[in-house]
Amino acid sequence: MGKCSFKKSWLLKTDESGHQISEWAIKHENGAYCKVCMTTINVSKGFQALTKHSKTKNYMEMCKIKLSTLQPRLTKSSSDSTVSNKQNSDIKIYCLRDSAIKAELMWCMKMISCNFSANSCLGIADLFKSMFSDAVPTKFSICPKKFRYLVSDALFPFFQEQHLNDMNGQYYSLLYDETTNNAGTKELQTTVRYRSPSQSQIVSHHLRSFFIGSATGDILFIKIKIAIDDAGLSLSHLVMLGSDGPNTNKKVMRLMNGELTIVRKKKTY
């Protein structure tokens, strides 16, 4: 039986730890070289030699350190003629986890801007890796649950802070709408409208959502005040409170007018 030689197709396979072979193995003369253990591997018996090596104790211990997504790595960056000719001018440091998270967040923003459903990301990681095998980060993964988490816990706080900084010191209108959602629960949505100094135009942004047991005037007024206070907006800069119509929740209007009267009498111009 003839001896096997190293095949490039092996690099696309994964080992027992879930790492792609290309992450730690390269062709070395007639065999393979493990960059994790820094040892040569005899592949005369075929791919099973790499599989067997990935099960060794030394490899698994070193793999946890060297192939960790948190492990900083070095790579060559594109040359720049304006950069002084230093020995390390074309070297940059990166992290697999950071590059994967960046790619995941970019795809989440694409989904939001195009109104893609959460389920549209099912299998998208495998598709991208098949289409762009050398460009997609190894640890890139996305699913409906992860998409919702990234939107609510990563993207929303960032963009909310940008909006609040943009609104700082501006006069604004606050729009609110209470309705019953599909689950039969009362829901209050608040939106703020103002002139954006950065965009030089009138913009509207979602401010905050509340799930409420009932929609009395007192409860709605309290929730609206909470939305304004938590956003750090000045109540004295509120110019209008909008709702579904002029006859909707008149008590909220009366309570807000009373509050504004107190606030603006205290404010000195």
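Mentor: Let's start with a term: buried means under 20% relative accessible area, exposed means over 50%, and partly exposed is in between, with a 1.4 Å probe and protein chains only. You are looking at a predicted model, where local features need pLDDT of at least 70 and side-chain atom pairs count only at pLDDT 80 or more, while totals for chains, interfaces and linings use all residues. Residues are numbered from 1 along each chain as its sequence is written, and side-chain values use heavy atoms, leaving out hydrogens and water.

Trainee: Is C108 buried or exposed?

Mentor: The cut-off for buried is under 20%. C108 has a relative accessibility of 0%, so the residue counts as buried.

Trainee: How far from C108 is the nearest cysteine sulfur?

Mentor: A disulfide needs two cysteine sulfur atoms within 2.5 Å. The structure holds zero disulfides. C108 is thus in none, and the nearest cysteine sulfur, on C121, lies at a distance of 7.4 Å.

Trainee: With which residue does E104 form a salt bridge?

Mentor: A salt bridge here is a side-chain nitrogen of Lys or Arg within 4 Å of a carboxyl oxygen of Asp or Glu, and the count comes to five. The pair we want links helix α3 to helix α5 (residues 144-167), across 42 residues; helices are DSSP runs of H or I with at least four residues, strands are E runs of at least two, and both are numbered from the N terminus. The closest N and O atoms are 3.0 Å apart, and the partner is K146.

Trainee: And how far apart are the closest N and O atoms of D230 and R208?

Mentor: D230 is exposed at 54%, while R208 is partly exposed at 31%. These two form a salt bridge, with their closest N and O atoms separated by 2.2 Å.

Trainee: Which residue stands opposite A25 in β2?

Mentor: Strands pair if DSSP finds at least two bridges between them. Strands β1 (residues 25-28) and β2 (residues 31-34) run antiparallel and are joined by four bridges. H53, in helix α1, touches several residues (contact means heavy atoms within 4.5 Å), among them W24 and the very residue you ask about. Opposite A25 stands C34.

Trainee: What is the phi of N115 near?

Mentor: Most residues other than glycine have a negative phi. N115 sits in the loop between α3 (96-113) and α4 (124-131), and is exposed at 70%. Its phi is positive, near 60°.

Technical notes: Lists of a residue's contacts leave out its neighbours within four places in sequence.
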